[in-house]
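Reader: I'm new to this one. Could you show it to me and let me ask how you know what you say about it?

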Amino acid sequence: MLLGEQEQFLSYNGEVLIFQLSEPKHVEGAADKTMHLCVRRMAFDRDTKLFVQKSSGVFSMRGSHLKIGIVCCSCTTDSRTGVILPCILMKKKKRNNVVQYLLLLLHSSNQFEQSFHFKLDYELKEDIRLFAGPSVLWRHANKLFHISPNTCTVLSAPVQLSSVVWTGEIEDEGTVVLGIRTAYLPESEDEDMFSTSDKVIWGSEFFGYTIETQKMLTGTCFMPHAYSRVVSSVCVCKNKMLKRQLRILLVAITHKNQLICFQDGLPKGVCELPYENPRLVKTAVTSSNDLLFIVSFASGNTCVVQKRDSLQVASKWQKVKSVLVDDYIGSGSEQLLLLFEDDSSTDVLSTFKITDLGEVNYASGINYKHDVPAAEGLQENGLVTVQALERRLQAGCTSVRELQQHLGLKKKVILESCRALIDLVEGRTHTLPTAKEVKYRTEIAYGLVSLWDDVENPPHSLSKETSSASRVPDHFIEKLWQRVVGDSLVVGVKLPESFYLSLSDISLSLVMDQELSSISPIIECRNRIIKLNQAFSALSVSSCQIEPPPKKMKLDLRSTNDLKKKYPKRCSRVQLDGTKTVTAVTSLSPLLAFHRVCCIVLLHAKKRKYRDGSLQESKKITVLCGKTLLSLEDISNGKYSVKMLRDNNYCTGSMEDILAVLAVSVRFSFQIVSSDCTLTPVNSWLLGEMECTPFKECHDNIFCHKAGNVYGTVFNWTLKNPFEGVLTVFCRNLTVLFQCLHSLTRVLPPSCDVKLLRSGSKGALTEQLALALEKEMLTFRSSFFSKESQAENSLAVGNEPGKKISDAPVASLLDSEEGVQQFRKKLQNEREEGVLSMNQTMNGALYQEIALKIAAAQLSSDMIVWRLS
């Protein structure tokens with residue numbers, strides 16, 4: 001903004017804020033004079049294609065228009081709330097050449113708030129900037145000064161400078177001032193010779209100064225010192241820290257009427273500007289993701305430079321009063337708002353243009369409405385449309401009420417189930433009602449009906465499952481621990497090496513140990529089993545396998561049987577390989593709402609008995625592992641935090657810390673094959689760019705200490721031969737995985753082939769597929785044979801022993817009346833047997849059991865086929 005103007009423009013959240021100083025009407029007899037700072041919020045109306053006023057506000061100051069003025073305005077961050085607000089710096093001249101400055105904040109209610117004020121014995125004229133805090137920075141007598149609400153005192157920076165070309169935020173550095181000063185030549189001989197000679201030749205240099213840490217940054221990371229004498233303004237487009245080095249992309253305008261693009265301190269492009277004396281440069285990102293550079297000139301002209309293959313002037317305008325950048329039409333991208341000078345109108349927004357040099361192009365004075373004649377019956381069609389919308393709204397309300405009732409019923413059922421589980425944990429007997437009682441009570445109280453047949457002994461009744469659940473001795477549990485990783489709580493149960501139960505049937509449950517009538521005590525969590533062998537040479541993480549989409553709703557997963565359950569001799573060798581840990585991961589933030597939470601940890605498993613290679617008995621057991629106490633104080637103090645520190649090129653995290661990181665991570669394995677050269681860059685990439693160190697307990701797995709999103713990622717690099725290897729990545733989410741792969745592809749040779757591996761080798765999966773298909777065939781055969789034997793037994797009951805008709809010849813039977821009666825009876829019996837064999841019925845429980853067995857066998861084989869594809 002130009003200094004000394006009594007009217008300023010500012011763009012904020014798609015609106016145009018107009019700040020004006022006005023003097024109220026003079027009242028006779030009034031000695032004091034008052035000035036009003038008025039603000040008007042103007043929004044673009046896409047129907048009328050004009051700016052309309054939404055609201056306004058006023059701030060009053062005592063003084064005349066000769067003593068009060070607007071210095072500048074900008075949008076900065078309020079450090080108290082982190083919200084970006086419009087800020088206005090006002091000045092008020094007093095006696096003895098003292099100038100008072102006030103910094104005002106404008107809130108959404110159009111109320112002005114005085115942030116702070118300060119006095120100076122001189123007037124601010126050079127390089128005035130507003131930045132986060134809000135804070136004020138300026139240059140006076142080749143010195144840098146700043147003030148913020150935290151200090152409320154004018155501070156002087158220990159630097160001498162001739163100009164400030166940019167002020168903004170730099171990653172990991174905070175607020176940085178980029179300026180130009182007379183070359184300072186150090187006496188140290190370790191200084192870069194090229195940089196020193198450059199300073200000597202030009203006599204000036206660039207430098208960066210951080211406001212918060214009062215640290216000096218090397219100016220050559222922004223641009224060479226040779227440009228220090230010609231650059232007038234800079235705009236930093238991108239900045240990031242990479243390998244502990246600052247990477248900068250910026251554009252600068254020069255006194256030679258040029259716009260130059262710099263990347264990491266080196267010039268990458270130049271463009272000749274169409275006008276002289278460029279004053280300011282800013283950026284805009286359009287809907288087509290193009291980066292535009294808007295250059296304003298002292299003469300009131302403006303041009304836009306676009307970066308395609310090279311920097312080129314895309315458009316230019318004359319007599320521009322102000323250029324603002326924001327999303328004025330609500331499209332989700334930025335546009336340029338050009339306010340033109342118009343002496344014929346007092347309205348500041350009477351002559352304008354909104355454009356993004358693409359599809360968006362609005363200008364004042366153009367009628368965008370097309371003269372289309374109204375169709376006949378338009379009013380009638382509108383009435384019909386309104387009636388149809390009303391009916392849809394009523395139907396929607398009815399659906400919402402039905403959904404609310406359905407959710408209420410589900411909530412009551414879940415709470416009843418939770419009470420049963422709590423009774424089971426605490427050792428009380430929970431009596432389930434019979435089918436008739438359930439039907440009567442649920443129809444009366446909840447509006448539910450029984451979901452099972454009214455039979456005396458259903459095959460999978462809840463009562464049998466509850467009664468079969470039992471406890472096992474405490475020595476089954478070796479250790480119980482918990483960790484906090486990000487927004488996740490990880491609870492782990494370490495099982496001893498002698499644990500003989502099948503890993504595929506183990507799970508953990510977390511139950512809140514408090515009475516909350518309206519909240520379910522069951523905590524939703526996901527389980528994971530982690531096995532570490534004794535040599536700690538490899539990590540094997542067993543997680544829930546992703547299923548093919550068409551198979552997800554095929555059957556109840558609680559009734560599925562894994563192939564390992566059918567062949568226990570195969571998996572017993574793996575089970576005794578080493579210690580195993582079962583983990584449960586749940587969201588932490590909902591638990592912190594209770595401040596202190598005590599959770600009961602339950603371990604569920606199945607105990608099976610095999611005889612002659614076939615399953616004889618399956619019994620559910622429940623192990624009470626203990627309780628975990630979680631409080632906000634402990635989390636704030638870092639009691640359960642994961643500590644991964646470096647010690648002599650090793651990561652010193654405990655085994656529980658390693659398991660917690662793996663539990664919240666997702667595992668991906670990639671096969672990397674190089675036909676032309678060896679894969680030595682992968683190891684260099686892991687230890688160098690990714691800043692990884694191996695775990696002290698298991699050296700094959702390394703922990704990433706690099707700052708940013710990739711911190712905490714675990715890698716495992718296994719080299720089969722110099723030209724082929726497998727990289728396993730344990731990361732928090734897919735975004736981190738993509739970042740790691742993007743970084744890896746930059747160091748790999750172009751001929752490398754990277755392929756995502758599914759879990760399991762091809763040979764093992766082929767063998768499992770053969771066994772699964774055999775099991776599926778046996779399931780079909782046993783199901784049909786059981787049905788056939790049931791039909792034969794039912795038919796045998798109808799024929800009493802001793803009443804079997806002799807197989808005498810038909811001719812002899814027809815000779816007498818008694819023989820004819822026997823023949824008729826025989827025909828009647830055969831007819832009845834045929835009808836019974838054609839119209840056999842099946843009990844619903846038996847049909848459900850057969851259907852689940854067949855579906856489980858089909859799901860297992862389909863799953864392996866999908867993993868092989």
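Author: Below we go through some questions and answers on this predicted model.

Reader: What is the protein chain made of, in helices and strands?
Author: The protein chain has 15 helices and 45 strands. It runs to 869 residues, and 40% of them are buried.

Reader: What makes you call Phe51 buried?
Author: Buried means under 20% relative accessible area. Phe51 comes in at 10%, so Phe51 counts as buried. Phe352 has 3% relative accessibility, so the label buried goes to Phe352 too.

Reader: How many aromatic pairs are there?
Author: The structure holds 14 aromatic pairs.

Reader: Why is the pair of Phe51 and Phe352 called edge-to-face?
Author: Two values settle that. Rings pair if their centres lie within 6.5 Å, and planes over 60 degrees apart count as edge-to-face. The centres of Phe51 and Phe352 are 5.0 Å apart and the planes stand at 80°, so this is an edge-to-face pair.

Reader: What makes you say that this pair ties parts together?
Author: Look at where the two residues sit in the sequence. Phe51 belongs to strand β4 and Phe352 to strand β27 (residues 352-355), so the pair ties together parts that are 301 residues apart.

Reader: And why is the pair of Phe59 and Phe112 called tilted?
Author: Planes under 30 degrees apart would be stacked and planes over 60 edge-to-face, with the rest called tilted. Here the planes are at 50° and the centres 5.8 Å apart, so the pair of Phe59 and Phe112 is tilted. Phe59 is in strand β4 and Phe112 in strand β8 (residues 112-120), 53 residues apart. Both Phe59 and Phe112 are buried.

Reader: Which residues do ring pairs link into a cluster?
Author: Tyr101, Phe116, Phe118, Trp138 and Phe145.

Reader: Now β4 itself: why do you put β4 at an edge?
Author: Start with the sheet, which is open and has four strands in the order β1-β2-β3-β4, paired antiparallel. β1 (7-12) and β4 (50-62) each have a single partner strand, so one side of each has no neighbour in the sheet. From one strand to the next, the twist averages 20°.

Reader: How do you know that β2 and β3 pair?
Author: Two strands pair if there are at least two bridges between them. Strand β2 (residues 15-22) and strand β3 (residues 34-45) have seven, in the antiparallel sense, so they pass. Phe19, for instance, has Val39 in β3 as its bridge partner.

Reader: What makes strand β15 mostly covered?
Author: In β15 (residues 204-210), seven of its seven residues are buried. On one side these are Ser204, Phe206, Gly208 and Thr210, and on the other Glu205, Phe207 and Tyr209.

Reader: Which strands does β15 pair with?
Author: Strand β14 (residues 174-182) pairs with β15 over seven antiparallel bridges, and Val177 has Tyr209 in β15 as its bridge partner. The hairpin of β15 and β16 has five residues between the strands, and Gln214 takes a positive phi near 55°.

Reader: How do you know that Arg181 lies over the face of Phe207?
Author: For Arg, CZ has to be within 6 Å of the ring centre and within 35 degrees of the ring normal. Arg181 is 4.8 Å from the ring centre of Phe207 and lies over its face.

Definitions and conventions. Residues numbered from 1 in each chain as written. Predicted model: local features only at pLDDT ≥ 70, side-chain atom pairs only at ≥ 80, totals over all residues. Heavy atoms only, no water. Buried < 20%, exposed > 50% of the residue type's maximum accessible area, 1.4 Å probe, protein only. Helix = DSSP H or I, 4+ residues; strand = E, 2+ residues; numbered from the N terminus. Axes fitted to C-alpha atoms, helices over the stretch in contact; angles between N-to-C directions. Phe/Tyr/Trp six-rings, centres within 6.5 Å; stacked < 30°, edge-to-face > 60°.
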